[in-house]
Amino acid sequence: MFLQLAHTKLNVFHYSKSLALESYRITKLFPQEERFAISQQTRRAALSVHLNIAEGASRKSAAERKRYFEIARGSVIEVDAAIGISFELHYVDLQQLKPLEQLILQSFKTLTGLINHVS
């Protein structure tokens, strides 16, 4: 945030930041009893996407960068899976999930392109 490093110029970094923020917003809607369960897991996964992109972009070797980006993409899948369970439990509806859906798709597609480019 304070350092203007290369990762801050990546589109996927901005998508992942929005993904993390929206995940926090959505999980605030969940029941109180989920505060330490699915809410916390969803938030950790979303934050992991953002942080792994930042750390991966700082790595010197292509193999290391690719590995961090792959971990970030795995965390995108984790967010999607957790949100799917939340939807099935009727914690949120499709209308509430629309912004998060777009961010999940953008993050996944952009990370996939980045992973393929780093190879």
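Helices here are DSSP runs of H or I at least four residues long, and strands are E runs of at least two. With that in hand, welcome to this predicted model: the protein chain has four helices and zero strands. Read from the N terminus, its elements run α-α-α-α.

**Overall shape**
- Along the principal axes, the C-alpha trace spans about 45 × 30 × 20 Å.
- Take the contacts between residues at least 6 apart in sequence: 74% of them join residues at least 24 apart.

**Surface and charge**
- Of the 119 residues in the protein chain, 39% are buried.
- The accessible surface comes to about 7,200 Å², and carbon and sulfur atoms account for 58% of it.
- You will find 15 positive and 11 negative side chains, with the centres of the two sets 10 Å apart.

**An aromatic pair to look for**
- Counting rings whose centres lie within 6.5 Å, the protein chain has one aromatic pair.
- The ring centres of Phe 30 and Tyr 91 are 5.5 Å apart and their planes meet at 45°, so this pair is tilted.
- The partners come from distant parts of the chain, 61 residues apart. Phe 30 sits in the loop between helix H1 (11–27) and helix H2 (38–57), while Tyr 91 sits in the loop between helix H3 (62–88) and helix H4 (94–118).
- Phe 30 is buried, at 6% relative accessible area, and Tyr 91 also counts as buried, at 17%, because the cut-off is under 20%.

Technical notes:
Residues are numbered from 1 along each chain as its sequence is written. This is a predicted model: local features need pLDDT of at least 70, side-chain atom pairs count only at pLDDT 80 or more; totals for chains, interfaces and linings use all residues. Side-chain values use heavy atoms; hydrogens and water are left out. Buried means under 20% relative accessible area, exposed over 50%, partly exposed in between (1.4 Å probe, protein chains only). Contact means heavy atoms within 4.5 Å. Accessible areas come from the Shrake-Rupley method with a 1.4 Å probe; for residues, only the protein chains shown count as cover. Lys and Arg count as positive and Asp and Glu as negative; His and the chain ends are not counted. The place of a charge is taken as NZ of Lys, CZ of Arg, CG of Asp or CD of Glu. Rings of Phe, Tyr and Trp (its six-membered ring) pair if their centres lie within 6.5 Å; planes under 30 degrees apart count as stacked, over 60 as edge-to-face and the rest as tilted.
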